[in-house]
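Please consult the sequence and the model alongside the text.

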Amino acid sequence: MDPYKVLSFDEPKIADYLIEFLRDEIHKVGFEKAVIGLSGGIDSGLVAYLLKEALGKENVYAIILPYKTSSAESVDDAFKIINELGINYKKVDITKMADSYIENNFDKVRIGNILARLRMIILFDQSYETNALVVGTSNKTELLLGYGTWYGDMASSLNPIGDLYKTQVRILSKYMGVPQSIIDKKPTADLWVGQSDEEELGFSYDEADLILYHLFDKRLSIDEVVNLGFRENIVNGIFERVRKNQFKRLPPIIAKVSRRSVNWDFRFLRDWGQI
């Protein structure tokens with residue numbers, strides 16, 4: 001089964017929709033500018049291209065946030081995008097901040113979470129500095145699998161690619177003109193030397209996207225997805241990951257003690273009173 005055929009879509013139509021989504025959702029809450037963390041990877045690269053079309057290059061601020069173990073190639077790829085788009089940028093080395101807290105007994109996952117949250121602290125600080133909103137770069141595959149850091153890279157003010165599987169991010173990136181070298185390179189959050197998303201997850205994004213699509217978009221049962229030819233242990237493992245990480249996709253639950261409680265029955269649209 002070819003994920004690029006199964007998950008294909010009308011690229012011009014989706015690109016136009018996402019560009020208008022960014023422009024409309026940013027403007028209607030009183031902002032004109034956007035900040036993104038630019039890693040040099042395909043997800044943040046695609047968002048940068050969409051933002052440039054939505055807001056104009058003068059209103060997009062890309063922040064590069066390397067740690068001492070970050071790949072030099074990632075930083076070079078981030079600058080490749082910046083130079084191509086002509087957007088504003090700032091490079092902030094987070095090594096000193098991170099190392100002032102990290103101790104020798106911290107494992108690599110704990111360090112990775114610290115780096116992701118430090119980066120988000122800086123992005124929201126830069127959003128205050130530039131009077132801009134922080135735009136997220138997590139895709140649908142990552143959000144469903146919970147493959148991200150809570151209040152780290154999963155945090156943002158809005159996210160244009162959160163309903164696109166990784167395969168679809170690749171399709172749209174090609175249409176938007178993201179450099180092919182960035183589209184083709186091995187996916188990595190670059191949180192430690194040699195990290196590879198697919199090696200850490202234990203399956204490929206191509207396989208995960210097809211399984212997630214059939215489980216949650218087409219609402220097939222686990223048995224029905226296995227009967228399509230996917231490995232049973234992988235289908236079960238992916239379903240469990242999605243189930244166990246549901247809490248990461250929701251705002252914190254609040255204990256209800258009053259007549260009207262936030263996120264229970266005090267619920268308004270994001271742009272309540274702005275229009």
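How many bridges join β1 to β2, and do these strands run parallel or antiparallel? Four bridges join the two strands, which run parallel. The model is a predicted one, in which local features require pLDDT of at least 70 and side-chain atom pairs count only at pLDDT 80 or more, whereas totals for chains, interfaces and linings use all residues. Residues are numbered from 1 along each chain as its sequence is written, and side-chain values use heavy atoms, with hydrogens and water left out.

Helices (H or I, at least four residues) and strands (E, at least two) are DSSP runs numbered from the N terminus. Two strands pair if DSSP finds at least two bridges between them. Buried means under 20% relative accessible area, exposed means over 50%, and partly exposed lies in between (1.4 Å probe, protein chains only).

- A34 has L133 as its bridge partner in β4, and A34 stands opposite V60 in β2.
- I36 stands opposite A62 in β2.
- Because four of the five residues of β1 are buried, this strand is largely enclosed by the rest of the structure.
- β2 is likewise mostly covered, with four of its five residues buried.
- G37 belongs to strand β1; setting aside residues up to four places away in sequence, G37 touches S44, I63 and L123 (contact means heavy atoms within 4.5 Å).

**Nonpolar cores**

A nonpolar core is a set of buried Ala, Val, Leu, Ile, Met, Phe, Trp, Tyr and Cys residues joined through side-chain atoms within 4.5 Å.

- The largest nonpolar core has 40 residues, and L51 and V135 have the most contacts inside it.
- Two or more residues of this core come from each of α2 (11–27), β1 (33–37), α3 (42–55), β2 (60–64), α4 (72–85), α8 (166–176) and α9 (180–184).
- The largest share of this core, nine residues, is supplied by α3.
- Apart from neighbours within four places in sequence, V135 is in contact with L22, I26, A34, V35, I36, V47, L51, S156, L158 and P160.
- A second, separate core of 21 residues includes V92, A98, V134 and L191.

**Second largest pocket**

On a 1 Å grid over the protein atoms alone, a pocket is an open set of points where a 1.4 Å probe fits, with protein on both sides within 12 Å along at least five of seven lines; lining residues have an atom within 4 Å of a point. Grid points are joined across faces, edges and corners, and a volume is the space filled by probe spheres set on the points.

- The second largest pocket has a volume of about 720 Å³.
- Of the 23 residues that line this pocket, M154, S156, R249, L250 and P251 are the closest to its centre.
- The largest share of the lining, three residues, comes from α2.
- By class, the lining has 16 nonpolar, three polar and four charged residues; Ala, Val, Leu, Ile, Met, Phe, Trp, Tyr, Cys and Pro count as nonpolar, Asp, Glu, Lys and Arg as charged, and the others, Gly among them, as polar.

- α8 is mostly covered, with nine of its eleven residues buried; K166, R170 and M176 are among them.
- G177 follows α8 and has a positive phi, near 95°.
- The buried residues of helix α11 (residues 205–217) include Y205, E207, D209 and H214.
- Elements that cover the buried residues of α11 include α1 (3–6), α7 (140–145), α8, α10 (197–201), α12 (222–226) and α13.

**Individual residues**

- R219 lies in the loop between α11 and α12, and its phi is near 60°, a positive value in a residue other than glycine.
- R219 counts as exposed because its relative accessibility is 73%.
- Y151, in the loop between α7 and α8, has a positive phi of about 65° although it is not a glycine.
- Y151 counts as partly exposed because its relative accessibility is 47%.
- N245 is placed in the segment after α13 (232–244), and at 14% relative accessibility N245 counts as buried.
- Not counting residues up to four places away in sequence, N245 touches L145 and G146.
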